[in-house]
Every structure is written in structure tokens, then in C-alpha cells.
There are 2 protein chains.
Amino acid sequence: MLNSATPEFLDSLRADLPEASFREAEPRYFEEPRGRWRGRGVVVAPDCTEGVAQVVRACAAARVPLVPYGGGTGLVGGQIAPDGPVPVILSLERMRAVRGLWPEENVMVVEAGAILQEVHEAAEAAGRLFPLSIASKGSARIGGLLATNAGGVNVLRYGNARELCLGLEAVMPDGRTWNGLKRLRKDNTGYDLRNLLIGAEGTLGVITAAALRLAPRPAGEGTALMSVAGPRAALDLLALAREHMGEGVSAFELMHRQGLDFLAETLPDIRQPFDTPPDWFVLIDVGLARGLDPAGALEALFAEAFEAGLANDGMIAQSEAQRHAFWEVREQIPEANRRIGAVSSHDISLPLSAIPGFIARGAEVVAGIGEFRINCFGHLGDGNLHYNVFPMPGRSRADHLSQRDAIKRAVHDLVHDMGGSVSAEHGIGRLKVGDLERYGDPPKLDAMRAIKAALDPAGIMNPGAVLRAGD
Amino acid sequence: MLNSATPEFLDSLRADLPEASFREAEPRYFEEPRGRWRGRGVVVAPDCTEGVAQVVRACAAARVPLVPYGGGTGLVGGQIAPDGPVPVILSLERMRAVRGLWPEENVMVVEAGAILQEVHEAAEAAGRLFPLSIASKGSARIGGLLATNAGGVNVLRYGNARELCLGLEAVMPDGRTWNGLKRLRKDNTGYDLRNLLIGAEGTLGVITAAALRLAPRPAGEGTALMSVAGPRAALDLLALAREHMGEGVSAFELMHRQGLDFLAETLPDIRQPFDTPPDWFVLIDVGLARGLDPAGALEALFAEAFEAGLANDGMIAQSEAQRHAFWEVREQIPEANRRIGAVSSHDISLPLSAIPGFIARGAEVVAGIGEFRINCFGHLGDGNLHYNVFPMPGRSRADHLSQRDAIKRAVHDLVHDMGGSVSAEHGIGRLKVGDLERYGDPPKLDAMRAIKAALDPAGIMNPGAVLRAGD
């Protein structure tokens, strides 16, 4: 029912769009970070919203599929079309302007192709903070971050991408532009189209610009590493930290000794923070208001946590260099994981109180399948764990290909049984379409299918992502 | 195309539901706070989700319209069906259980009929805070608060109802139950049905329960009143307060001398806070972390604001009784307004930086229509003003009926021209359907109509609210 983007189709597009809109089909457009898929397509990169609308209208008229393309950093294949009719890859890379920044409102309006790092810098230049932060900030673009409702390390304090967006401009599947770039905190005028497009992974429209929420910069920041008796103690420490510092707790990251071992093995230049590596430890990052000394507040927290038996050992950064060193441990663990090579990785979330039980039961479930190393770490403050399963020393992921699906299934079944989510922050993309069908609520899935059919009756928008094509 | 709830239809419902589900059609179900509409209908109040589902299925089968009914406190007629086929008023009043409360997760799950005040009390008993707070908290119910995405005084710090909801259970228009009561901060598994139902005012489904987000209670709270030179100075003071105290600023309310005059005229027992009433003043409420003294922090803020020429006079509450007295000034202004009797009231929001200009131009626009008193006050921190126009002394609203529409139109046109919203927190209901058509973005309106038709093809869910019936 859909047609490939043929040379004739491209010729007709050329009549409407400046030549600079047509990009070489370089390999980077068809690769993704984990190397699971290879895509195909013709690449078009308009430099304005009306250009995007022209492409969408042409695709709608010819029933040619269209894949909105941001920074290409997604981990679930949402930006890759490996099969089906040849699509238009609609790249937002030429739309990266900051259209406006209002420090007194804590708002900026940027185009979808703006790179997260650039947005951070623009906010900082205005004395403000755009708090969304993920590992791929140097290449991820705002449109993709919103389309996938990106999370990251500061969700505990500032919310995910959804909560940092006040308004959107988007080209709908019929090629008309929704002008929803309101700079308002309160606006109860009809259905929440903004939140429907956020997280829809490009299947309901193309985000072309966004009004983003900024935050005042905290007066002072501090970071600590503390070893804890286990996940239960880590949760109690989180509650204590929030009792001490309220919203001042910006990040609360749980890590396991396995992560330190992988760092030692693959990235030996990274300084190991503990003399004796603890089984479990947390990174606490705080940004406090005037009148509070972050290092002092962290010391007071540690003293009370030590007294209560929650923390055994700890270190509080005494300089920006030390804060950076502490964060580097956390930030390099994914790279160490990559070098070891996971058999199966899981981006999951759980109700906070279920986490200790999940970690215990997860280890049993995985051990029931075979002998593996587990590196479980993540955004404990949000209940979001990256639960990754690795081969034992001397073995490789290739040795375990046959067990991969069983591990994934067992972990996801357990997460689902415990009230969790099998996609906390990475989305569904193409990787987890089957998971969504297995674990999703049937009335919700039917509502999603009805919405998709209503807004995109021809099914041209990123077919095969989130919902099975033709659903 | 829709049918009235006939005696025969009710008889068939009686076969399915216990007798206690059927309520006397008391007048309170058909009145609303501003006395603009009178409704009709038969009242059914199931005591469980499956009972709600049975009613919805019966209505769907017989094409009988259905109006979900919470506390009846809505100000835009969303809960009232004044015409068309006689509907079922589906009251959630018998579903008010707290299904669970997890202090360590900062989450509670409550049924839709729970009254906001009861939710506050349950959270408080667990040492937590449910921060949503509006004037009608003694009768408003959670289902209605979510269906209308209620706002109130603490949105600045904690967000509106939308941001305080982690998950929903709802009966969809086909009578199936969506089980979306996840207690998760991060869950990127498909389209955001939760936020679609929130703010849909009962037109896409019936919310039966919600997972609500709680907050730790601040260690100490404080309140101040400060007189300011004008709205511009108030905005600068807001920015300064957030620079001093970050997220610790819980509420920032702007008021005008007109409000004090109305209080003096209609509620003389309320103590006037200022010896010389200022033209403009703000109420600042803060809740701070350990180690900070709220009164001391407010004094430091005032000192710097005074130095900078932002605040001329101020008083900082030295006791809970004083905090209460300051808040009473703010909270009784709507009652004073009601006693004076507004010609036209407007629940609007604007980009923060547009507010001083709007207040100046609004006064000119209204003066161009006639001689009136304006009481402009509201949640400045959210850009949300209640902009109410009153007759001059000695005249009454009845003298100005012919000018009412012109005033409303002029104010709303100005708000729209300045990038604002004509419904900041009250919703569309039946009152503002025409405003939505006039000011709404056409592609967004079409998307809304397509979604409504897709999810509720028979159009039984609260027909005539938000979208014109039959749209």
C-alpha cells in the first residue's frame, strides 16, 4: 500500500525544494549505535518548516513512507527503516536555529535540529540551565529527544523531555503545520497534542521546533560518592537526601562493583574512586540555593547516613575537577559495558520499592539460564535501571547468542510482573514492538492503533516504529 | 443519533447494577458554581471500576450520552448537559478509596471520587505532601481534577494536575478498562494515553483511579507579602526569589489594590494587611530544605529587593497564624469578587514577559468599551491571571449585560494576539467551545476531532464539551 521513493518521486520533490535540501545518502544515515539494523532511503533535509511540510505533503500524495531523522543516536531502531518500501529520510539537521530565548521567562524556542549540547550552551550563555542531559548530548537533536521523550541523569529533579517542553511546532501527517509554540505554563485549551507527539517516535507527525523550559542555575553544586549496604539502603539514603535537601538533589545514580571491574578491565586510565571497591555505591549530585554549602550539606547527609547504617564509606568532591572525576566513573560505565559486550541489555523501570526485590530475583532468573555477569546500574531516583547481562571472563557475547532471547524474555517478564516498564527511557522503536504487544495493555494498544489510523490514515509516518506497520 | 436515557434504558441498567448505584436526581447534580446552566440526566454512581464499565457499555450499546461527574466544581460547564438527549450522569462519588500509599516512593493510588482534601490528609498522615491545591479542595474530586488538568497555587513549584499524575485507570468509550496505574517515573512504552485523557474533560473516557505523585514535605515554610511598583517589578522580584531560593518558591501570587478594596467592602472582618494599600503587591510562599530559616531567607530577599527598588514595603509572617492571615487575603479575593459581581471574568495565561504589557493594554481595551473596575490577580509565577471586570460603584452586572460579550471578546483577542491562552486552568467545558474554535490552531482542532471520532465513534462521552457535539 505504500510506495518506494522512486527517482521520479525525487524529481517531483526537486521541483519544490532547493537543491541544498537533497543530501548524499551517506552510510551514517543508515547505521545506528548498536549495529543491529541497516537502513535504506533517500535523504532530504529542508531548512525550514515549510520545506518539511512540502516533503510531507509529497509523501502523503504519493504514499511514500517517511522517517523523521534527528541525531541518529536512538538505541531502539526508531530512526532506521530496514525493510519495506524505500522511505524518505527526513533529516532536521539544517533546522537548528535558536528562534528566541527569554531568560526572565525561563523559556527558549529552538528548531528540531538543534544539538543538545548547543542548547545547553545557549541556555548557559543566558545564565540559565536546560537540564536534559544524556550521554549522546554532543549529537542528539532536540526533535529526536522529544520524539523519544528522552530521560537521562537529571529526571529526578527536572523531569524528562516531556516535562521540559512547553510547546511544539510540528508538521502533521497531512502536511499541515500545527503552530503550538506557546510559551505558557498553563494552557487548558483542548486535547494534549503536545504530549501525544512527544514519545510517539515520529509516527504521528514531524516535530520542527519546540518551546523548552529552562531552569535557574543552582547557586552551588556538589557531588558525592557513597558506598551503601545494598539497593534497599540506597533507597533509604535517597529518601534521607531528599529530606535534607528537597528538590536540591539533582541526580542519584546507583552503581555496582561490576561496573568498577569493567572500568578497570577496559579503561584502566580512569581513576578508581574506592580503595576497596564496594558491592554497591551511589553518586549523589546536588544543586542548592543560596545560603547552603553543597559540600557541607553532603557531609551532614553522610554523617547521618553513616550513623543510620545506610552508608559505609563516602567521599565528597572538594573541587570541580573532583566532581568531574566522580561523574566520569558513572559516565564511562556504558563505554566499558560496550567494550565487554553485553549478551542482553535492558532499559527498565520499576516502582522504587520493588527495586531491591527485582535485583535479587533478577539475579536468580538469569542464573537459571546460565552463568553470566550482571552489571546493574542507573537512575535509581527515577526507578530506572540499566540491567545488562554479560558473558563470564574468557567468553564472548557470540558464545551466548542462543540464550539471548531467553534472557531478555525472563528479565522482561519479571519486570512486568513487578509493575515495571520494559522501556523506561529509550522508547519502543523497532526493537521493542513485540514487547509492547506482549506487555502492553490491550485497550491502550487499541487506542494507540485508532489514534494512528485517525491521524495518519495512509500510514506514511515512520511505519513499523512503535506499532507494527499496517496495524 | 444519540438517544435519551429512557425508563426502559434505566430498567436494563438495573438488571446489571446493584440498586445502591442509582441516585436521586438531586438538584446539586444539575447546578454549577456560577449558575449559568441547568443540567438534566439520570444519576448513576457505581462503587467499582467494573460498575463504571457496565454503565459505559450500556450507554455505548444504546447510544445514550454519558457525563462523568466529579465534585461538580468546574467553572466552564463541563459537568452539565443543558440540552440534547437526556444523559446518564455518571458520578464517581462512591469510588473514593485510597488503594495504596507508598511513602518511600512518594506515590499514592486513589480512586477518582476521592475528594482533594481527603487526599491531602492521607498524604500528610504518611508524612508526605500532595501539592495540588485549589479553592474548592473540600469538594473537588480527583477524577475531575485530572479530567480538567486543574492548576491552583502551587503549580510554579510542583506542576499542574498533569504533572502530578504517574498513571491512570480509565474506562474507555467502548466500555473496556485501561489498566494504566503504573507507579513509574519513566515509562516510554507507546503513545501518552495518560496525558490525552488528562485535560480531555471526560470526552475520551472515564477516569476511575490515578497513581498520584507525592512530594517530601519541606523542612520549613514561610510566607511574605511585599508591595511592588508594578507587574514588571513583580516579575523581577519573582526572578530574584528563584535566584535566592530555587525551587523553594512554592507560590508567587500577584494582587491589586482593587482586591483589597473589594475585601474591605464585602468582607470587612478580614484584616487588611497594609496600612496604606499599595497598587500592586505579591504573596510569596516558600518551603525550604533543612539548614535554611524561611523567615530569614524571606528577609534577605526583601532586603535585596528593597535595595534594587523592586519592593517598597513588606511583611514576613512570624507565626503560622500570620501565614494563614496572609493567605486568607489571597484566598478570599474570589469570594469578594463574587459578592461584587463580575461583568466578565477571564482565566488567562501569558508568556511571563508579556504580562506587564497585557495589563496596560487590557486596561485601555476595557476602557474603550466603558467605565469599569478591573481586579487583576493570580498565579504570576505561572503567567496565569484572573482578569475580572466589574461595574463601577452603584452599578451592577445587570446594567452591563449588553457589553459583556464585547469585553470578553476584546480581552480574549488581546490575550491571543500576545501569545496567551484564553483558558489557563479552568478548561473549555461548554463555556469556551466557541473560543476554542476562534483561537485554536486549525490543524490541532482537526487532530482533536479525528481523535475524538477514533476513540468515541458514537460520540457518547460528554457530548458538547470541548468539541461541538457532532463535530
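Which strands of chain A does helix 2 (residues 49–62) of chain A lie across, and at about what angle does this helix run to strand 4 of chain A? In this predicted model, helix 2 of chain A lies across strand 2, strand 3 and strand 4 of chain A, and its direction makes an angle of about 165 degrees with that of strand 4.

The strands in question belong to an open sheet of chain A, in which 4 strands are arranged in the order 1-2-4-3 with mixed pairing. At the edges of this sheet stand strand 1 (22–23) and strand 3 (66–69) of chain A, and because each has a single partner strand, one side of each is left without a neighbour in the sheet. Between strand 2 (residues 42–44) and strand 4 (residues 88–91) of chain A the pairing is parallel and extends over 3 bridges; within this pairing, A:V42 has A:V88 of strand 4 as its bridge partner.

Chain B can be followed in a corresponding way. There, too, 4 strands form an open sheet in the order 1-2-4-3, with mixed pairing, and the edge positions are held by strand 1 (22–23) and strand 3 (66–69) of chain B, each of which pairs on one side only. Strand 2 (residues 42–44) and strand 4 (residues 88–91) of chain B run parallel and are joined by 3 bridges, one position of this pairing being that of B:V43, whose bridge partner in strand 4 is B:I89. Helix 2 (residues 49–62) of chain B lies across strand 2, strand 3 and strand 4 of chain B, running at about 165 degrees to strand 4 of chain B.

Together the two chains bury about 7,000 Å², of which 53% lies on carbon and sulfur atoms. Within the area that chain A buries against chain B, A:K186, A:N188 and A:Y191 account for 16%, more than any other three residues.

Across the same interface, 48 residue pairs are in polar contact, both residues being at pLDDT 80 or more.

Over all chains, the structure holds 70 salt bridges. Within chain A, the side chains of A:R339 and A:E335 meet in a salt bridge at 2.8 Å, N to O; these two residues are 4 residues apart in helix 10 (residues 320–340) of chain A, and therefore about one helical turn separates them.

How values were computed
Residues are numbered from 1 along each chain as its sequence is written. Chains are lettered from A and ligands numbered from 1 in the order in which they are written. Side-chain values use heavy atoms; hydrogens and water are left out. Two strands pair if DSSP finds at least two bridges between them. Contact means heavy atoms within 4.5 Å. Axes are lines fitted to C-alpha atoms, for helices over the stretch in contact, and angles run from 0 to 180 degrees between N-to-C directions. Buried area is the accessible area (1.4 Å probe) that two parts lose on being put together, summed over both. A polar contact is a pair of N or O atoms within 3.5 Å; within protein, one must be able to donate a hydrogen and the other to accept it, and residues adjacent in sequence count only if both atoms are side-chain atoms. A salt bridge is a side-chain nitrogen of Lys or Arg within 4 Å of a carboxyl oxygen of Asp or Glu.
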